[in-house]
Amino acid sequence: GQDMVSILQLVQNLMHGEEEEETSQSYRLQNVGEQGHMALLGHSLAAYISVLDRERLRKLTTRILSDTTLWLCRLFRYENGSAYYHEDDREGLLKICRLVIHTRYEDYTLEGFNVLYAKQPVIYISSAARTGLGQALCNQLGLPLSCMCRVPCNTMFGSQHQMDVALLDRLIKDDVEFGKLPLLLVANAGTPGAGHTDKLGRLKELCEQYKMWLHVEGVNLATLALGYVSSSVLAATKCDSMTLTLGSWLGLPAVPAVTLYRHEDPSLSLAAGLTSSQPVEKLRALPLWLSLQYLGHDGIVERIKHASQLSQRLLENLKNLDFIKTSVEDELSSPVVVFKFFQEYSNRDPTSHAAQASTIQHPIISNEGHIYDTFNQWLGEQLAQLVPASGVDVVELEDEGTCVRFSPLLTAAVLGTEIQDIDQLVDCLKMKIPVLTSTLQLREEFEQEVRRTISLLYIEDLDWPGLGVVRYNYHSDEKNDDKQEKELEKINTELLKKLNELESDLTFSLGPEFGGQKNCVYIGMVTEDLDVSELVETIVATGREIEENSRLLENMTEVVRKGIQEAQLQLQKANEERLLEEGLLRQIPVVGSVLNWFSPFQALPKGRTFNLTAGSLESTESTYVSKAQGTGSTPPPTPTSSLAKQRLPGQKAFKRSLRSSDGFSETSSISHCDDLDKLDQRPPNLSPGQEQGPLEMERAEEQKEVAQAKTDTEDIHSDKLPPDCTKAEDQASQR
C-alpha cells in the first residue's frame with residue numbers, strides 16, 4: 001500500500017501532466033467558481049451521507065429529492081411533474097421509452113419480446129436530432145432498427161430544420177395500416193445544429209390523436225425560466241416529458257441531467273427504472289440541491305438571460321455585415337446564432353478576367369458549395385482561436401453546409417463570456433471577411449494563370465482554405481519512377497523553402513498533415529492587392545533555378561568522379577616512369593640514400609590539377625615553374641532567377657503598386673516606375689540624359705557576367721603539395 005500523500009501526488013501528476021507537457025501543450029481548465037465548488041462538494045457529501053443509518057438516510061434523501069424536483073418544476077413551468085436524475089443525457093429518454101412500452105403493452109412484464117413481435121413498436125425521431133440517438137435507443141432497448149423512423153424536415157414551407165408535421169402524419173397512418181404501434185415521438189426545442197424548435201403545439205395534437213408519448217429536448221428549454229417565452233417553446237410545458245441539461249446552462253460541473261415527466265402509475269415508473277427504492281441512488285440530486293440553493297431563482301434567471309442577450313448582441317452586429325448569411329429561427333429571441341460566409345456569384349467583380357472567363361463555363365460553379373464549406377471551416381477555426389472566450393464552433397448542417405455556431409447557453413456560463421468578447425468576435429470577423437472575398441476571387445485567376453504555365457501543375461484540392469495548390473513539374477528522361485519521385489520531392493521542398501524566405505505576407509506550406517497531396521506547395525489566404533501573375537512567375541523562376549542548379553550539380557559530380565579516376569591512372573603511370581628513370585638501386589633503402597648523396601637525381605614533382613570549368617586534367621609543371629596557379633578559362637555564370645519586378649522601397653513581394661482613383665495619377669506612377677527601371681539599367685559611364693544603345697547594353701551585360709564569374713580548381717596529387725612551391729623544390733633537390 002501507499003500513503004495518502006503519494007497517491008494525491010500521483011493524481012496531481014495525472015491531472016496536470018509533467019512540466020514539459022505543460023510548456024509544449026497549452027490547455028485551459030474550466031473556470032470553477034464558488035457555485036462550482038458547491039456542486040463538487042455535493043459528490044463528496046453524498047459519499048459521507050451514504051454511511052448514515054438507514055432511517056435517517058431515507059428521510060434525508062426524500063427531502064433532497066422532493067425539494068429539487070419541486071424547484072425545477074416551478075422554475076421551468078412544468079406542473080405536477082416527477083424527476084429522474086441521470087449522468088448520461090440520453091439515459092432519461094431511454095427510461096421514458098421503457099415506461100411507454102410498459103404502459104402500452106400490458107403483458108410486457110409477463111411475455112416480454114413476444115408482445116413486441118406481435119405488434120412492432122415505432123419510435124419517431126427528427127432527421128435533425130442528435131447523430132446516433134436512434135441507434136443508441138434501439139441497442140439499449142433490444143429493438144431492431146426497423147422500429148426507428150426518421151422524420152424528414154420541411155423542404156417547401158417553414159424552417160428547414162423543423163420536423164415536417166404533414167409527412168409525419170402520413171408515416172404514422174402507414175405504420176398503423178401495417179399493424180405497427182406508434183409509441184413515442186422525440187421532438188426538439190432547439191435542434192443540436194441550428195437551434196430551431198419544432199412545432200410542438202401541432203405535434204402534441206398529433207400525439208394525442210394516435211395516443212403517442214411526446215418527449216422534448218433541446219437547449220431552448222432553458223428559456224422557459226425567463227419572464228418572456230416564445231409561444232413555440234412555451235408549448236413544451238404541455239409535453240409528456242422533457243430533458244434538461246442544467247450543467248452547461250448554468251456552468252455547474254459534474255451535475256446530473258434531469259428528465260421531468262408526468263405519469264400516474266408509480267409501479268410502472270419503478271419497473272422502467274425512473275424511480276428507485278435505494279436511498280443512495282436518490283443522492284444523485286444532492287449536487288443540484290446545493291447549487292440551486294446557492295444561485296437562487298434570480299441567479300438562475302440572470303445566467304440564462306445573459307446568454308440570450310449575448311446572442312442578440314451578436315445577431316444585431318451580423319445584420320450589418322456584408323457577405324454574412326445568418327440562419328436563426330426568431331430574430332427577436334433566438335438563443336442560438338448560426339452564420340456563414342457567403343458571396344453571391346453575381347456580386348463578384350465582373351470586370352476581372354477570371355470572372356468573365358468563368359461566367360461562360362467553369363468547374364468552380366459546380367464546386368462552389370464545397371469551397372464555401374472549406375472557407376467557413378477555416379473561418380470558424382480562426383474565430384475560435386482568436387476569441388476563445390466566445391465559444392464559437394463549426395457545425396455541419398444538411399442544407400446550409402458548414403456554418404459557424406454561437407450557442408451561449410452551452411458555453412457562456414462555463415467560459416465566462418461577456419459583451420466585450422462578442423464585440424471582439426465581430427471585429428475579428430470584419431478583418432477576416434476581406435481576406436475571404438479576396439481569396440475567393442483570386443482563386444480562379446490563380447488557377448487559370450497556373451494552367452497556362454507549362455512548368456507548373458495545378459492541383460485541385462477543394463478542402464484547402466487558401467489560394468490554391470501548385471506543383472513544379474520536373475522534366476527528366478529517367479525511366480526510374482522512384483528516382484523521379486525523389487527528385488520531384490527534393491525540388492518542391494527546396495521551392496517551398498525559397499518561397500518562405502521571401503519577404504511577403506503569404507503563407508506557403510506542405511498542406512494539411514493528413515489527406516493532402518504530396519510534393520506540392522500550398523498557398524494560404526491572400527489579400528486583394530496580390531499580384532497573381534508575379535506570384536506565378538516567381539514560382540516558375542525559382543523552380544527552374546532549383547532544377548538547373550540540381551542538374552549542374554549532378555553533371556559536376558559526374559565530371560569530378562571521372563576526373564579523379566583519370567588522375568589516379570595518370571599518377572600511377574607517372575610513378576612507374578619515375579621508377580624506370582631513377583633505376584632500381586635508388587629504390588633500395590640504404591643504397592639509395594648513399595647513391596642520392598653522391599649523385600642527386602633532379603626531377604620536377606609531377607602532379608595533376610583538375611579544372612572544374614573545362615572539366616579536364618592539366619599538368620602542374622606550369623604551376624611549379626611560375627610559382628602561381630593559372631586562372632584558366634572563365635566559367636559560365638550561375639543560373640539565377642529574375643524574381644519578377646522591381647519593388648518600391650518597403651514594398652513586400654507579390655504586392656500590386658498602390659493605384660489612385662483617377663487615371664492621371666495611376667499613369668504617372670507607372671511611368672515613374674518605368675523611369676526608375678531605366679535608370680537602374682543604365683551603365684555608370686552614361687549620363688542621365690544620354691541614350692544607351694544595344695551595343696552598350698550588351699557590353700554592360702558581359703561586364704556583369706565577367707564580374708560575377710568564379711573559377712574553381714582542385715589539385716589532385718599522389719602526395720599533398722606544401723603551400724609554398726619554392727619550399728617543395730628545395731626539398732626535392734635535397735632528396
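Thr237 counts as buried, with a relative accessibility of 9%; here, buried denotes under 20% relative accessible area, exposed over 50% and partly exposed the range in between, computed with a 1.4 Å probe on protein chains only. The structure is a predicted model, in which local features need pLDDT of at least 70 and side-chain atom pairs count only at pLDDT 80 or more, whereas totals for chains, interfaces and linings use all residues. Residues are numbered from 1 along each chain as its sequence is written, and side-chain values use heavy atoms, with hydrogens and water left out.

Thr237 lies in the loop between H11 and strand E6 (241-244), where helices (H or I, at least four residues) and strands (E, at least two) are DSSP runs numbered from the N terminus. When neighbours within four places in sequence are left aside, Thr237 is in contact with Phe76, Arg77, Tyr78, Leu224, Met242 and Arg262, contact meaning heavy atoms within 4.5 Å. Arg77, one of these partners, is itself found in the loop between helix H4 (54-75) and strand E1 (82-86). The relative accessible area of Arg77 is 34%, and the residue is therefore partly exposed. Its phi is positive, near 60°, in a residue other than glycine. Most residues other than glycine have a negative phi.

In the protein as a whole, the secondary structure comes to 27 helices and 18 strands. Buried residues make up 42% of the 735 residues. Of the contacts between residues at least 6 apart in sequence, 69% join residues at least 24 apart.

Helix H15 (residues 286-319) packs with helix H20 (residues 419-451) at an angle of about 25°, the axes being 10 Å apart. Axes are lines fitted to C-alpha atoms, for helices over the stretch in contact, and angles run from 0 to 180 degrees between N-to-C directions. H15 is thus roughly parallel to H20, since angles under 35 degrees count as roughly parallel, over 145 as roughly antiparallel, 65 to 115 as roughly perpendicular and the rest as oblique. On the H15 side, the contact is made by Leu310, Arg313, Leu314, Asn317 and Leu318, and on the H20 side by Ile419, Ile422, Asp423, Leu425, Val426 and Leu429. These residues divide into 8 nonpolar, 1 polar and 2 charged, where Ala, Val, Leu, Ile, Met, Phe, Trp, Tyr, Cys and Pro count as nonpolar, Asp, Glu, Lys and Arg as charged, and the others, Gly among them, as polar.

H15 also packs with helix H3 (residues 34-49), at an angle of about 160° and with the axes 6 Å apart. H3 and H15 are therefore roughly antiparallel to each other. H3 contributes Glu34, Gln35, Met38, Ala39, Leu41, Gly42, His43, Leu45, Ala46 and Ile49 to the contact, and H15 contributes Leu286, Pro287, Leu290, Ser291, Tyr294, Leu295 and Arg303. The composition is 11 nonpolar, 4 polar and 2 charged residues.

H15 is likewise among the elements that cover the buried residues of H19, together with helix H12 (246-250) and strand E11 (401-406). The buried residues of helix H19 (residues 408-415) are Pro408, Leu409, Thr411 and Ala412. Gly416, which follows H19, has a positive phi near 70°.

In helix H10 (residues 200-209), the buried positions are Leu200, Leu203, Lys204, Leu206 and Cys207. Viewed down the axis of H10, they fall within an arc of 165° and so line one face of the helix; the arc is that of the directions from the helix axis to the C-beta atoms. The buried residues pack against helix H9 (165-177), strand E4 (181-188), strand E5 (213-217) and helix H11 (231-234). Lys211 follows H10 and has a positive phi, near 55°.

Two further loop residues were examined. Asn519, in the loop between strand E14 (508-509) and strand E15 (521-523), counts as buried at 13% relative accessibility and has a positive phi near 55°. Asp463, in the loop between strand E12 (456-459) and strand E13 (468-472), is exposed, with a relative accessible area of 53%. Asp463 touches His370 and Thr374, residues up to four places away in sequence not being counted. The C-alpha atoms of Asp463 and Phe375 are separated by 8.6 Å, although the two lie 88 residues apart along the chain.
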